[in-house]
Amino acid sequence: MDGPSGSGKSSVSRGVARALGLRYLDTGAMYRAMTWWMLQQEVDLADPAAVAARCGGPRIDVGTDPDGPTIHVDGLDVAGPIREAEVTGSVSVVAAVPEVRARLVALQREIIGAGDIVVEGRDIGTAVWPEAAVKVYLTASPEARARRRSAELAGSTVEAQQEAMARRDTLDSTRKTDPLSMADGAVELDTTPLSLEEVIGEVLRLVKE
Ligand code: ADP
Ligand code: CDP
């Protein structure tokens with residue numbers, strides 16, 4: 001499941017994994033965990049060479065239960081801190097560094113290779129696992145995506161969210177290594193007019209086809 005922020009990847013992937021009794025992997029949480037660690041370590045994020053040199057440092061463990069996904073860095077639970085604004089504002093810069101991607105993609109492939117799973121991110125169908133049995137590219141209008149995100153975050157306006165998302169979309173879709181794009185063979189689903197249940201139903205239908 002690939003797509004931009006707020007298109008519904010996490011909620012839909014978890015719902016589909018639950019319905020099918022599968023594991024679930026949030027690859028965005030791994031990039032967020034790496035970014036959180038870099039900020040803690042005061043690595044200069046404007047210097048890709050410094051980020052590349054340090055990205056082997058943290059141990060990142062992800063739990064794949066759709067009812068309670070977990071994320072730890074060096075044994076510390078970082079599920080809360082990785083959603084904070086500072087990480088959200090920096091993650092696309094860290095994720096653009098090829099060495100970061102190489103390390104996290106290797107980890108992701110190890111987890112995926114262990115058995116059937118629903119995986120969400122930006123490059124799953126294009127780079128991480130192009131042989132996936134079902135590939136879905138979720139989209140939604142920029143307004144709908146911003147409305148959904150600001151409803152989750154106290155004190156954020158739809159306008160500010162839309163601006164921040166547009167900035168991240170640009171970074172994610174213009175980076176040199178595995179930019180966000182629709183994979184060959186992916187089915188595009190515009191979730192703007194659909195409820196969460198309708199999107200999950202549509203994906204389950206694609207799986208059963
Ligand atoms: P992503 O993982 O792509 O960033 P999320 O799954 O986190 O997106 O969804 C963001 C928010 O929007 C969540 O609060 C979720 O419940 C809500 N949401 C997702 N899909 C829909 C939908 N089709 N209709 C209404 N709300 C949705
Ligand atoms: O939750 P949200 O959709 O806002 O973002 P996320 O899925 O947590 O991903 C955060 C960031 O990680 C993205 O904006 C990308 O910069 C990066 N990412 C990536 O490069 N590749 C992935 N497979 C997943 C996330």
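D61 stands opposite H72, a residue of β3. That pairing sits in a predicted model, where local features need pLDDT of at least 70, side-chain atom pairs count only at pLDDT 80 or more, and totals for chains, interfaces and linings use all residues. Residues are numbered from 1 along each chain as its sequence is written, while chains are lettered from A and ligands numbered from 1 in the order in which they are written.

Back to the strands. Between β2 and β3 (residues 71-73) there are three bridges, in the antiparallel sense. Two strands count as paired if DSSP finds at least two bridges between them. Helices (H or I, at least four residues) and strands (E, at least two) are DSSP runs, numbered from the N terminus. The open sheet has three strands, ordered β2-β3-β4, with antiparallel pairing. Because β2 (60-62) and β4 (76-77) each have a single partner strand, they stand at the edges, and one side of each is left without a neighbour in the sheet.

Now the ligands. A residue is near a molecule if its C-beta atom, placed from the backbone, lies within 6 Å of it.

What surrounds ligand 1? There are 16 residues, and the closest are G8, K9, S10, S11 and R148. At least two shell residues come from each of α1 (9-20), α7 (142-152) and α9 (196-208).

Ligand 2 is surrounded by 13 residues, with S5, G28, Y31, A95 and G121 the closest. Two or more of the shell residues come from each of α2 (27-40), α4 (85-95) and α8 (158-174). α2 gives the largest share, four residues.
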